[in-house]
Amino acid sequence: MTDSGCIFCEIISDKAEASIVFQDDFVTAFMDAFPVNPGHTLVVPNQHSPDLAGLDELHAGKMIQLARKLAGALRASSLRCEGVNLLLADGPVAGQTVFHVHLHVIPRFIGDPCGIRLHTEPPAAPAREQLDAHAAAIKRALDA
Ligand SMILES: [Zn+2]
């Protein structure tokens with residue numbers, strides 16, 4: 001299933017240009033057009049889904065399996081890679097800008113310009129009761 005007007009669907013079906021790293025029946029990996037570091041690769045399911053929750057488990061699993069292989073390949077390649085970050089931005093508030101779910105595989109090295117900031121300073125640890133309440137809220141939604 002593809003979505004007309006989706007740039008990633010166009011890349012998957014070879015209607016738009018990209019530097020393809022890997023493609024099979026389930027997933028495609030290609031170079032990010034705006035890499036934060038050399039070797040920054042995107043893994044996308046061949047099935048169009050705007051968000052992660054809408055993606056079936058088979059394609060979600062194939063994405064992480066390919067990301068695992070790419071992380072090893074990046075480290076073994078001639079590109080500088082001393083570590084790897086995986087990043088999936090799910091929703092505009094999370095930084096998603098292309099609405100076909102995709103997993104960033106980002107090679108990292110000491111002194112690189114890439115940074116992932118979760119907090120401006122370490123937050124105080126919440127009380128156990130608050131963590132338990134959050135766990136219960138998510139568990140209810142999982143069980144629904
Ligand atoms: Zn798409």
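Here are some notes on the predicted model above, taken point by point.

1. **Ground rules.** This is a predicted model, so local features are kept only at pLDDT of at least 70 and side-chain atom pairs only at pLDDT 80 or more, while totals for chains, interfaces and linings use all residues. Residues are numbered from 1 along each chain as its sequence is written, and side-chain values use heavy atoms, with hydrogens and water left out.

2. **Overall layout.** The chain has three helices and five strands; these are DSSP runs, with helices being H or I of at least four residues and strands being E of at least two, numbered from the N terminus. Reading from the N terminus, the order is α-β-β-β-α-β-β-α. The C-alpha trace spans about 50 × 40 × 25 Å along its principal axes.

3. Of the 144 residues in the chain, 33% are buried (buried is under 20% relative accessible area, exposed is over 50%, partly exposed is in between, with a 1.4 Å probe and protein chains only). Among contacts with a separation of 6 or more, 54% come from residues 24 or more positions apart; a contact here means heavy atoms within 4.5 Å. The accessible surface comes to about 9,300 Å², and carbon and sulfur atoms own 58% of that (Shrake-Rupley method, 1.4 Å probe; for residues, only the protein chains shown count as cover).

4. **Charges.** There are 11 positive and 17 negative charges, and their mean positions sit 8 Å apart. Lys and Arg count as positive, Asp and Glu as negative, and His and the chain ends are not counted. Each charge is placed at NZ of Lys, CZ of Arg, CG of Asp or CD of Glu.

5. **Asp 32, the one I'd look at.** Where does Asp 32 sit? It is in the loop between strand E2 (27–31) and strand E3 (41–45). Asp 32 is buried yet has no salt bridge, and the nearest side chain of opposite charge, Arg 108, is 13 Å away. (A salt bridge needs a side-chain nitrogen of Lys or Arg within 4 Å of a carboxyl oxygen of Asp or Glu.) A polar atom of the Asp 32 side chain does lie 2.7 Å from the backbone nitrogen of Phe 34. Not counting residues up to four places away in sequence, Asp 32 touches His 40, Thr 41, Leu 42 and His 104.

6. **His 104, its partner in contact.** His 104 belongs to strand E5 (residues 103–108), and it counts as buried because its relative accessibility is 13%. Its side chain makes a polar contact of 2.8 Å with that of His 40 (a polar contact is a pair of N or O atoms within 3.5 Å; within protein, one must be able to donate a hydrogen and the other to accept it, and residues adjacent in sequence count only if both atoms are side-chain atoms). Leaving aside neighbours within four places in sequence, the contacts of His 104 include Asp 32, Asn 85, Leu 86 and Leu 87.

7. **Salt bridges.** How many salt bridges does the count come to? The count is three. Arg 80 pairs with Glu 82, with the closest N and O atoms 3.1 Å apart; Arg 80 is partly exposed at 47% relative accessible area, and Glu 82 is partly exposed at 39%. Arg 108 pairs with Asp 112 at 2.7 Å between the closest N and O atoms, and Asp 112 is buried at 11%. Lys 139 and Asp 143 meet at 2.9 Å, N to O. Those two are four residues apart in helix H3 (residues 128–143), so about one helical turn separates them. Asp 143 is exposed, with a relative accessible area of 55%.

8. Most residues other than glycine have a negative phi. Asp 14 is not a glycine, but its phi is positive, about 65 degrees. Asp 14 lies in the loop between helix H1 (7–12) and strand E1 (20–23), and is exposed at 68% relative accessibility.

9. **Ala 18, in that H1–E1 loop.** Ala 18 is found in the loop between H1 and E1 and is partly exposed, with a relative accessible area of 30%. Leaving aside neighbours within four places in sequence, Ala 18 is in contact with Ile 11 and Phe 30.
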